[in-house]
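Thanks for making time this morning. I would like to walk you through one structure, taking a single chain, then an interface, and then one residue in some detail.

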Amino acid sequence: MKYRFMALILLFSTLAYAELKDKKGPEPKPGAQAAFDFDYEFGRPIRPDEETYNQYRKAHAEHAEKQMGLSAAAVGDGMDTWHWWVGVDNPGFWQDLVNLTGGKENATGLRLDFLRVVMSVPRAERFKRLGLINDPDTVEADKPDQFGLKIDRMKDGALQWDPEKFGYSSGVIGLQLFKNKDFDPKKWNAETYLNDAKGMQPPYKIGMSCVFCHIGMNPLNPPDNPADPKWENLTSTIGNQYLREGLTFGETIEHQSIIYQYMATQEPGTSETSRFPTDSINNPTNINSIFRLRDRLKVAHVEKITPAQATLIKSMYKNAGLELDNIGGALGGTEKEPTLKVPHILTDGSDSMGILMASVRVYVNEGLMHKEWYDSWPVNPWKMTKSVLRGFKPAEFDIIEKWRKDPNSPWMQTERRMPNMATFLMSYDGFPLADAKNGKSYLKNNPKLLNRGKIAFAENCASCHSSKSPDSTITDPVLRKKAWKELVLSDDFLDHNYLSDDQRHAYSEIGTNIQRSEGTNAMRGSTWGQMSSQTYKDQRKEQITVKNLYNPLTGTYDLEWKGPNAYYRTPTLVSIWATAPYFHNNSLGLYNGDPSVKGRMDAFEDGMTKLLTPNKRLGVRSIKVTSTVTTLPDAFPGFKAKHPYFDEMKLKLLEFPVGTPVNLMMSLNPKHFPSLIAAYVKGVVAGRPEKEFPGLVDRRRKAGIEAVKKKMLELNTVPDFIEDRGHTFGSDLSDEDKLALIEYMKRF
Amino acid sequence: MKLSKVVNAAIFLSFIFFTTGAQAKQIEVQMKSISYSPKLIAIHSGDSVVWKNVSYSEHSASGETFDTSSVEPKHKSKAILFEKPGTYTYHCKVHGTTMNGTIKVESK
Ligand SMILES: [Cu+2]
C-alpha cells in the first residue's frame, strides 16, 4: 500500500502547482545578452490634456514636500520603486510559474500566467471581473504586435524611465513587461504558447511590483468608469480593495474543481501571501492601507531580537545608508540582548523587524531571488521528491548566512532602494469624506450627535484604536476612563492620530477568526523565520485551547482546537468610510465592488452596522463553501496510467455536495493525506477486511467520503470556519449610541 | 534586422560622404520614442552632431564627455563638436542605457 500513499501525497500536494515533474525553471544567467533584440511597439501619442504617471508623480512629490516637509526627490524616487520595481528578478518567478502550470497536461486548469490574463480579459472587463486596474498610460492594442501578442500599449511619450529597470506597462498597473533575454523567435508561436506554454519562452516576461496589490481608486475622486481611470482617480497606497487575486489565477478553471472553489472564495481585496510558501491554512489577509506612517511610528514598540539578527540589521542599514537609530527600526539594547523599535506591519504582527526588513521581505513574496526562495517552501513543486522526503517541512530564507553575501544580489539592490520608498510611504495622510465628491451630503451637522459618538468611541474603541492615549501614570480605572473621554473630546484628537495602537492583541481577546493569526511562516525554521522578532516568537509559545468553534459537519458549536496563542495587530481606522469590508480577512460587511463615494458609503454603513450588531452578520453563511458539486480535478492522466490501482480505488474523495466548506480541504497539511486514504478505506469497508474494499467501493463510496470529511476536520490545521465572527466591542451600545458612533467615524 | 540595415546604410553613406573630402559637417540624429536613429554614426573630427527629438517625450544624449541635457519634443539639442577621434557611446538620461547610441569619430 505504501507506494500508493506516497503517490497520493504527491497528487494532493501538487494540486496547487499542477505538475509532477522535478524540474528547474529556465532562468537567464545574470548579465546574459539578449540573443534577439526588438523594438517595443508604442500606442498612439499621449494627448496634451492627458496626465501621465510622470505628472502624477511630480504633483504628489511636490505636495509631499510642501505639506509634510519630505524631500520631493526622495518621494519621487520611492514612488518609482513602489510603482515599477520588480525586485530585479521576479519576472523570472512568474515565468517559472507559467512554464510550470501552462502545460496541456495540467488538468487542474490553474494557469499562473499574467500574459494570458492581460490578453484574454478585455480591458473594459478587467476591473469588474478581477479588480485589476488599467494603467492610464496605456491604450488597447488595435492589432497584434510583431509576435502575434495583443497586449495594451503604452501611449507614445508616457514612458519616462529605463524600461530595462522598470519595464513597459502591460496595461495593468503593477504588471510590467520586460524583454525576455531567452526569447528565440525561431521557436516562437503565440498560439501554441497560449495553449501550451510549457518550455517556450515568450518575448516578454511579466514582473510584479507593489502597486499591483496596493494601488486603488481615489476615494475623494473616483472615476466615472472604473475600467478607465485617469491618474487623478487613483491613489497608490490605499490597497486595492477590489483585487480578486484568487480569480486572477483561477478564473478559467472548471467550477467543479476544488481549486476553482478555493480561488473564487478568496475575499476581494485580500492576498494569500502564504499560498506559495504554504502554511497549510487557507488564510488570505486584507491588503492594508498605508496612511499616516509617521504617526504610526510614534507608537512603535521595542522588541527583542537575537544577536545574529542585530548583526544582520546593522549590515542592512549600512547597505541602505540608514542610521542605526532610524525611526523605521531603531536598534537598541545590548550586544547580548539587542532590541529594535518597530511598527507591526502585517496583520498578525509577524512583520516586526522594522520598515526596511518588512519592505524588502515583500519583494521575496513577489518572487525576488525565487530560485533560493523555492527551497524554503514546504511544497516545492520543482523538487517534489525532496519535499516529500522531508515531510513538507519548511526552511528559512537565509539572509543571515547566504543571500546577502553578493552585494549585487537582487535582495541587496532592493535594500538600497528602500529608504526612499519608505519616505514615499510616509507621504500619505487619510482621505476625509468631507473632501470627497458629494462627501458632505453624508455628514450630519449635529454637534450633539457627534459628542455622543465621541463618548461611545472613547469608552469602547479608543483604548486600541488610537495612537494617542492619556498619560500612562493615570492608572485608576475611573480616572483613566475620564481621561480618555477628555482626550477624545478634544478638538485635535483626530489630528496626526494613526487611530490604532499598532499593538498585537491575542485572538482570545478579539474573538475574530483565528486562521490568519495562526500562520506559521514567520516562526523559526520557516521561510520568514529570520525576519520576525524574538518577541513575536516568544509571544506564541503559550499553548491554548479554543473552545466552541463551529463544526460544519454537525452544525453545532462544539469543536475544540489546541494551538499556540496568536495575535492580530490593531488596524488603523483612518478613512474607514472608504475601506469596507472589514476585519483582517475582509469578511465583515457588504462587498459591492463599487469605488464611487456612494458605493463606499453603502459598504461602510453595512460593515459598521454588522460590526456593532453581530446578529446581523452572515455568521455561518460566511463560511467559504463550494458553489457546485466539487471533485478533485482529473489531474494526472500520465500518472494514472502508471498506477492502475488508482482507478480501481475510485478515489473521488472530493465529490462534495454544494455547500461543503472549502477549508476542509484547503487547510490541510499534505503530510496527512495517507490518513485520509486510510479513513476512506475504513469508511468503505466498515469493519470488514480491507481486501473486500474493491468489491464494496461502488456502493459504499458515500460512506468512504463521509469518513474522509471527518478525518479532514480532525486533521485540519486550524478548523475555524466562520469568517466574520468576533470583535463584538460596542455591541451592547444602544441603537442611538451606535448611530452616533457611526456618524463620528465618518470623520476619521 | 531592419534596424541594423538602416544602421549599415547610414555608416556606408556617411563613409562615402566623408571620404569625398567634405568640410566639417553638422550631422543630425533623431531621438525616437526609445531609440536614436541612426543608432550608430561615423563622423570625422571637427564634425558636430545635433539631436532632434521627433518623439513625444523628452530625451537627452549623454556620454562620458558630453551631454545635450534634456531635449523637449519637437526641439533640437545644441550642437556637440567632436574633435578627438575615438568611439563615443552615449545614452538617454531619462530612458537609461536601453536608449543608447554610438558615434565613431575618425581623424580627417
Ligand atoms: Cu530617452
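Predicted model: local features only at pLDDT ≥ 70, side-chain atom pairs only at ≥ 80, totals over all residues.

Let me begin with chain B, where 44% of the 108 residues count as buried, buried meaning under 20% relative accessible area, exposed over 50% and partly exposed in between, with a 1.4 Å probe and protein chains only. Residues are numbered from 1 along each chain as its sequence is written, chains are lettered from A and ligands numbered from 1 in the order in which they are written, and side-chain values use heavy atoms, with hydrogens and water left out.

How many residues of chain B are in contact with chain A? There are 10, and they meet 11 residues of chain A, where contact means heavy atoms within 4.5 Å. The area buried between the two chains is about 1000 Å², with carbon and sulfur atoms giving 54% of that area; buried area here is the accessible area (1.4 Å probe) that two parts lose on being put together, summed over both. Of what chain B buries against chain A, 46% is supplied by Ile34(B), Tyr56(B) and Thr98(B), more than any other three residues.

Across this interface the rule finds zero salt bridges, a salt bridge being a side-chain nitrogen of Lys or Arg within 4 Å of a carboxyl oxygen of Asp or Glu. The rule does find four residue pairs in polar contact, both residues at pLDDT 80 or more; that term means a pair of N or O atoms within 3.5 Å, where within protein one must be able to donate a hydrogen and the other to accept it, and residues adjacent in sequence count only if both atoms are side-chain atoms.

Finally, let us turn to Asn134(A), which sits in the loop between helix H6 (126–130) and strand E1 (138–139) of chain A. Why does Asn134(A) count as buried? Because its relative accessibility is 0%. Its side chain makes a polar contact of 2.7 Å with the side chain of Arg126(A), and a polar atom of the Asn134(A) side chain lies 2.7 Å from the backbone oxygen of Ala227(A).

Key: Helix = DSSP H or I, 4+ residues; strand = E, 2+ residues; numbered from the N terminus.
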